[in-house]
Amino acid sequence: MPSLRGMGYFIDSFTVTACVIPRHRLRGDEPPCSIRKPTGQAAMIRYVLSRLTSLAISLIVASLVIFLVVEVAPGDPASYMLGVNARPDTVAALRIELGLDASKPQRYLSWVSGMVTGDFGTSYTYRSPVADMIGDRLWISLPLALYALALSTLIAFPAGIYAASRRGGAGDTAVMGATQLGIAIPNFWFAMLMVLVFAIKLRWFSAGGFPGWERGFWGGIKALTLPAVALALPQAAILARIMRSSLLDMLGEDFIRTARAKGLSRRQALWRHALRNALIPVLTIIGLQFSFLLAGAIIIEQVFFLPGLGRLVFQSISQRDLIVVESVVMLLVFAVITVNFIVDLAYAAVDPRLRTGR
Amino acid sequence: MRITPIFCALLLGATATVSAATAQTGITVAVQLEPPNLDPTSGAAGAIDTVLYSNVFEGLTRFAADGSVVPGLAESWDISDDGLEYTFHLRDGVTFHDATVMDAEDVKFSLDRARGDDSTNAQKGLFASIASVDVVDPLTVKVTLSEPTGSFLFNMAWGDAVIVAPESIEGNANNPIGTGAFKFANWVQGDRIELIRNPDYWGTPAPLETATFRFIADPTAAFAAVMAEDVDAFFGFPAPENIPQFQADPRFQVIIGNTEGETILAMNNKTAPFDNVKVREAVAHAIDRQAIINGAMFGQGTPIGTHFAPHHPAYVDLTGLSDFDPEKSKALLAEAGLADGFTTTLKLPPPSYARRGGEIIASQLRAVGITAEIENQEWAQWLETTFKGKDFGLTIVSHTEPMDIGIYADPDYYFQYGRPEFVAIMDELNATTDDAARTELLQQAQTMIAEDYVNVYLFELAFPTVAKVGLTGLWENQPTQAVDLTGVSWGK
């Protein structure tokens, strides 16, 4: 599957360009409230409103870009479905049946207006409602993303805090070495290694596939475990490093020196004062990671033949099931933008200066 | 995305796991591609037939495992002397899976729907010669042809010609209702399709109670699924490099069967320089088939010298006409005024025979002075630009339809041959029902396209099946794209 990795980047670039990231959020050193704010409640409302406006504009622009990019790619769904022996009149009949004979602006409008009312249309190749198909796949992709995110956070937080509190020591070096390795190892390679060890050799897990939640919760969790670990490890490595450097930045701040001067130990100052402030850049990364895990699990889904969203997009692109591609990508954009919006709100929760406008 | 077999072997060490010896009545099989929908009468995807042909849907006639055409829902038939009237006698007591009766009205409905104006049948050509379909009585159908069609019974065996019911046709895409030995039970899109035994089947009931098809596209994942015994059999195993490992493993049986897939290096016969037969012959002599079979297919595949399946009784071995001879190739290019070679395009669709084979072919062509610029294409793109748009110099594709030499009669087909003498042979073949005469004509046709060097005929695609030891009744060859499980059982 040589085109697989390219696909990952394709989706990834979509999600990245689609989200509007305020620059200050990517830098941990600058306090997020350096933007001048009026007072109290009004500031908070204005902040939320401005985020909401950019959310709406992003969605409209994204829908246009997605539609144009997908429609411009060569390949006709009807010809694809009918193959090499089809007669021209058969292809024409199918195009009419699928509604492909309408003009592009017409199709764009009906697509967008359908989505607003929750009707995503009918898949060309599967002939079933797109909303149902996405719903089915989300039941795998969403738990997988959450599972991987939980694992990554569970690993990264203790590791990052431990490394920061033992700065320069053997523990720090060990954690940093491990994270270096975690970032360097491609997740699909690690996934295949786990399949060889845990599925083929030890037979603890099946090599892939998904039994379905209706056959038991733990069976589903078990089927998602290897994929979630494969997805989580590189993310955990990144997150641990961010956690560590963000904490160390905070430990150098004046308020920590003040806390130490008041008699707190380095560790007490870290837990009581530095940690909360260090969370802002970490939250940003978690938000981005969740979007990536939701949209970027295509390769992992392919390795474990999981019927998730990524695989649906991959299949639909190769089959030119345009309406499915458009709707899924749009949904992912929506998810990314919403996650960013939530992260923005989370800043306000973590950083009291944003709430009070001080 | 691949792990070398050696690496796997190292990691696996000496795995000797014995699976629990329980009486098995179900089977889980894997194939690479998932059907996009489950209606074989609209849509060309071979994956639809793979799952449903014979298992769920049946036609008037059907392909047997050896490729011969045998009675299906029609018990017998009479053919009028002029070859224009086929009277089919249907089996009595056949019901669809929704308990409605299968009778002559259903046959008329199915055939009329497939050949109608708004038909979306991918193989509408199979029905082209039908003039009318008449119900004589509930168990007798008379099909009148506009011209004699020697291959009519063969055409009716295709998956695209199965009998469907007007009551259930609308839902067939997601809930197929046929007459076969298995009933459709469940489809988890992206993952699996489940079939259960049809207790009311008119013929020999299937030995298996349940059959699950799983869809595993990635070659590495396919290897892992078989090794972990997640699946009992993998039909069309996609990683030929791993086959020797399965052959050495006592848990598995490996069957290398034939398909109807003639893999060819197609040339654009209407554009320069391929409009010159000398250039086409030069390309043919520049290609070393065995090197491609060994290098791209790990030794699996039978060399062919014309567009015909080598296991067919009418096949003529014409590989000698285009033997590997680079010197001759260079001489022919010089004769054609292209002593310095030329540059052309080589468009490659996704399958590994094309992508891997393409690299080898490009280097073989380079050795005689021809520069082939490789462009990798997705299927949809290939269909649009190469196949429909005819924007190519060279391309590699496997023609998997059975007995499809007739495509050479169409001057508009992507490689654009359609020589009138060839068309005449095909017309005569269509009008001939006598077997010996048909063989004679088929051999003339094979020889003509080989001598005209229309395309470079590379090899017949192999069909590897890896299955657990103990499974019996598996089809060895692929006379049509089908995984027929109706006769499969766990032998002891």
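This is a predicted model: local features need pLDDT of at least 70, side-chain atom pairs count only at pLDDT 80 or more; totals for chains, interfaces and linings use all residues.
Local features need pLDDT of at least 70 and side-chain atom pairs count only at pLDDT 80 or more, while totals for chains, interfaces and linings use all residues. Side-chain values use heavy atoms, with hydrogens and water left out.

Counting contacts (heavy atoms within 4.5 Å), 63 residues of chain B meet 54 residues of chain A. Four salt bridges link the two chains, each being a side-chain nitrogen of Lys or Arg within 4 Å of a carboxyl oxygen of Asp or Glu. One of them pairs B:Lys124 with A:Asp89, whose closest N and O atoms sit 2.8 Å apart.

Helices (H or I, at least four residues) and strands (E, at least two) are DSSP runs, numbered from the N terminus. The top contributor is α11(B), with nine residues.

Over in chain A, helix α6 (residues 130-165) has 36 residues and spans 50 Å from its first C-alpha to its last, close to the 52 Å expected at 1.5 Å a residue; that expectation is 1.5 Å times one less than the number of residues. Still, α6(A) has a kink of about 35 degrees centred on A:Leu138, the bend being the angle between axes fitted to the seven residues ending there and the seven starting there.

Methods
Residues are numbered from 1 along each chain as its sequence is written. Chains are lettered from A and ligands numbered from 1 in the order in which they are written.
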